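Student: Could we examine how the helices and strands of this structure are arranged?

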Number of protein chains: 2
Amino acid sequence: MKITIDRSTLSEALSDVNKAVDGKTSIQILTGIKLEVSDEGLTLTANDNEKAIQTLITEVEVTRVGAIVVPAKFFVEIVKKLPEEEIEITVDGLQVSVKSGKSELDLVGLDAEEFPELPKMTVQQSFTLKGSVLKSLIKQTAFAVSTNEQTPVLNSENWSLSNGELTIIATDRHRLARLELKVDGADGIELSGLNVTGKHLNELSKIIPDNLDVEVSASYSHVLFRMGDLMFYSRIVDGSYPDTSKIIHNKFQTEITVNTASFTNALDRAYLLSREEKTNIAKLKTMGSYSIELSSKSGETSKVTEQVEISEMTGDELTISFNSKYMLEALKVIESEQIHIGFTGVMSPIIITPVGGSKALHLVLPYRTTT
Amino acid sequence: MKITIDRSTLSEALSDVNKAVDGKTSIQILTGIKLEVSDEGLTLTANDNEKAIQTLITEVEVTRVGAIVVPAKFFVEIVKKLPEEEIEITVDGLQVSVKSGKSELDLVGLDAEEFPELPKMTVQQSFTLKGSVLKSLIKQTAFAVSTNEQTPVLNSENWSLSNGELTIIATDRHRLARLELKVDGADGIELSGLNVTGKHLNELSKIIPDNLDVEVSASYSHVLFRMGDLMFYSRIVDGSYPDTSKIIHNKFQTEITVNTASFTNALDRAYLLSREEKTNIAKLKTMGSYSIELSSKSGETSKVTEQVEISEMTGDELTISFNSKYMLEALKVIESEQIHIGFTGVMSPIIITPVGGSKALHLVLPYRTTT
């Protein structure tokens with residue numbers, strides 16, 4: 001193969017595709033990026049067998065078609081630093097030569113025939129989201145995915161689509177994030193059991209163009225996110241996602257409405273002290289209709305006490321303990337000015353929802369404490 | 001003690017002083033910051049017995065004098081996040097109470113009597129540098145200090161002052177950085193054997209105000225940098241610094257002058273490949289009066305070759321190998337547009353000096369190679 005290509009164009013595409021390269025594998029071919037030149041242009045592919053990214057560059061001057069696999073890390077870095085905007089890449093057998101101005105790079109690539117093939121996407125169902133919306137969905141849910149690899153299904157989010165509404169649930173058994181969203185033109189589509197790996201979504205999030213539509217397609221084994229000429233494949237995680245509907249109450253014994261920033265900042269200070277103890281326990285105590293008290297302790301001697309004004313309180317007075325870090329992570333992705341917090345007694349899940357704004361719900365389990 | 005103080009003022013002062021807290025010590029008192037209130041104001045001190053930072057805040061409303069030691073990490077972070085600009089700190093015995101708006105923090109401090117005393121600075125010699133100049137001196141030399149702790153004296157820079165000229169030398173036996181600078185009003189002062197710890201200088205560099213003068217004072221055991229009300233003490237490292245004068249040639253067999261950016265960028269690409277081999281070996285080959293070739297290899301199959309135009313070349317043709325990472329680190333602190341590189345054969349040190357600009361010199365030892 002032989003091509004002439006613009007350095008910035010190639011560099012940006014390499015940087016996107018590189019996010020599917022497995023940096024830790026000992027299988028050499030998986031540490032590479034495949035370059036494939038056809039009459040259509042240059043196709044770049046990375047594939048670690050769990051996720052894959054492919055992109056097509058059409059703005060390329062093709063002298064000769066062909067394919068090669070180059071070492072990802074080094075190639076991505078050196079292309080970024082080549083001196084001129086015009087790059088000439090020539091491949092002869094496995095010999096790769098890259099020229100730019102007075103720089104010349106020679107290396108031996110790997111056989112493109114040995115590179116893993118992309119997943120076959122048959123039996124597809126598709127729906128479309130705006131890039132900015134998909135990014136926001138991921139931000140609001142992926143933080144609650146478990147990072148403990150003992151239960152693989154909890155390393156994923158559960159996506160389902162019914163009656164034109166997309167529901168995303170992420171939980172690590174200690175907290176949960178749920179998001180519901182109307183999807184235009186998805187009325188006839190029924191999807192369930194789509195367990196999408198949280199780490200893949202975080203990588204995907206970095207390469208989603210804000211202004212493009214993203215087509216989401218599902219086969220039995222994979223989900224494909226198509227953004228123009230850029231495609232992200234993610235293998236669906238086997239196993240059935242836990243049924244969380246029973247722990248999500250919507251009748252409460254105690255309810256408060258509070259300014260999101262005031263509550264977050266006060267809890268952040270309580271968290272700083274609770275972190276010293278590594279338990280992250282904070283305590284919330286209702287104090288009538290106008291304020292609550294947030295507090296945390298470290299040892300017998302240190303204490304942070306915060307009075308937070310609230311907008312409204314209904315139901316019974318209550319004192320409840322919870323993990324301040326989990327609560328803070330949920331608060332950080334809520335964009336509404338006010339939040340509603342619902343309690344069903346000291347041993348039941350705490351339910352946080354934005355007042356207005358997106359149809360989101362966050363759940364944090366309480367701690368049993370003796371104080 | 002009891003004071004009222006501005007949150008931002010306290011937070012900035014704590015952040016400066018915190019740079020002398022030893023994060024790794026198991027001695028509890030050394031993990032703290034001492035707060036001492038006198039009629040002058042609030043003095044903050046951190047001291048890990050190797051370095052110490054002290055600062056005085058005069059803008060404080062004093063109700064009652066006194067002293068306490070507070071846990072550095074937690075205190076620095078929570079003060080940063082307190083809700084109101086006005087903070088009230090009350091100490092009663094070892095009980096510390098901090099109030100700001102509707103936040104209250106209670107903790108037990110440590111006895112200020114147990115906090116280590118600052119070094120006594122007797123037999124002082126002093127000179128003064130502008131803050132911006134001192135920062136620049138550190139940037140141009142501290143990177144060459146050894147991080148290997150087997151030879152403590154090489155973890156320091158050697159400072160000396162004679163005939164009104166300050167000389168700083170830093171070396172790790174593989175490369176060397178030397179800087180010479182005329183110091184106004186220092187004609188009568190003779191200083192030698194001042195081994196200043198590189199890590200301390202890096203911490204100092206973060207808190208030097210650009211626009212203030214820094215008074216540098218030396219006793220037998222310590223060097224003190226005084227910046228207004230902010231003081232940085234550093235224990236002088238024992239031992240005699242190696243005599244490097246014999247390896248710094250000033251007569252060369254081969255000399256080239258080259259544009260700093262062109263040379264740096266080309267070497268950076270060669271470095272990227274040489275890094276794959278972990279040796280960082282790059283090769284420089286003179287090619288007559290107009291250009292040089294920089295190259296590096298990885299294994300038998302990969303090669304980067306760079307042609308770099310030069311401004312001038314005198315003396316014998318030469319091919320020499322060296323550590324590209326060491327050379328790059330020197331190039332990155334050189335601010336002149338052109339550099340001069342002097343060689344005295346393939347086995348002798350390579351000497352890099354800026355053309356014009358500061359009186360700096362960088363030395364990199366060559367590699368013996370068979371290719």
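**Helix and sheet packing**

Student: In this predicted model, at what angle do the axes of α5(B) and α6(B) cross, and what is their relative orientation?
Tutor: The axes of α5(B) (residues 260-276) and α6(B) (residues 324-333) come within 9 Å and cross at roughly 150°. Angles over 145 degrees count as roughly antiparallel. The two helices, α5(B) and α6(B), are therefore roughly antiparallel to each other.

Student: How many nonpolar, polar and charged residues make the contact of α5(B) with α6(B)?
Tutor: On α5(B), the contributors include Phe263(B), Leu267(B) and Tyr271(B), and on α6(B) they include Met327(B), Leu328(B) and Leu331(B). By class, the contact has six nonpolar, four polar and two charged residues.

Student: How do the residues of the contact of α2(A) with α5(B) divide by class?
Tutor: The axes of α2(A) (residues 72-81) and α5(B) come within 10 Å, crossing at roughly 170°. Among the residues in contact are Lys73(A), Glu77(A) and Lys81(A) of α2(A), with Asp268(B), Arg269(B) and Glu276(B) of α5(B). The division is four nonpolar, no polar and seven charged.

Student: Which strands stand at the edges of the open sheet?
Tutor: Ten strands form this sheet, with antiparallel pairing, and the order runs from β5(A) through β9(A) and β21(B) to β27(B). Each edge strand has a single partner, so one side of each is left without a neighbour in the sheet. The edge strands are β5(A) and β27(B).

Student: Which residue of β20(B) is the bridge partner of Thr286(B)?
Tutor: Strands β19(B) (residues 281-286) and β20(B) (residues 291-298) pair in the antiparallel sense over four bridges. In β20(B), the partner of Thr286(B) is Ile292(B).

How values were computed:
Residues are numbered from 1 along each chain as its sequence is written. Chains are lettered from A and ligands numbered from 1 in the order in which they are written. This is a predicted model: local features need pLDDT of at least 70, side-chain atom pairs count only at pLDDT 80 or more; totals for chains, interfaces and linings use all residues. Side-chain values use heavy atoms; hydrogens and water are left out. Axes are lines fitted to C-alpha atoms, for helices over the stretch in contact, and angles run from 0 to 180 degrees between N-to-C directions. Contact means heavy atoms within 4.5 Å. Ala, Val, Leu, Ile, Met, Phe, Trp, Tyr, Cys and Pro count as nonpolar, Asp, Glu, Lys and Arg as charged, and the others, Gly among them, as polar. Angles under 35 degrees count as roughly parallel, over 145 as roughly antiparallel, 65 to 115 as roughly perpendicular and the rest as oblique. Two strands pair if DSSP finds at least two bridges between them.
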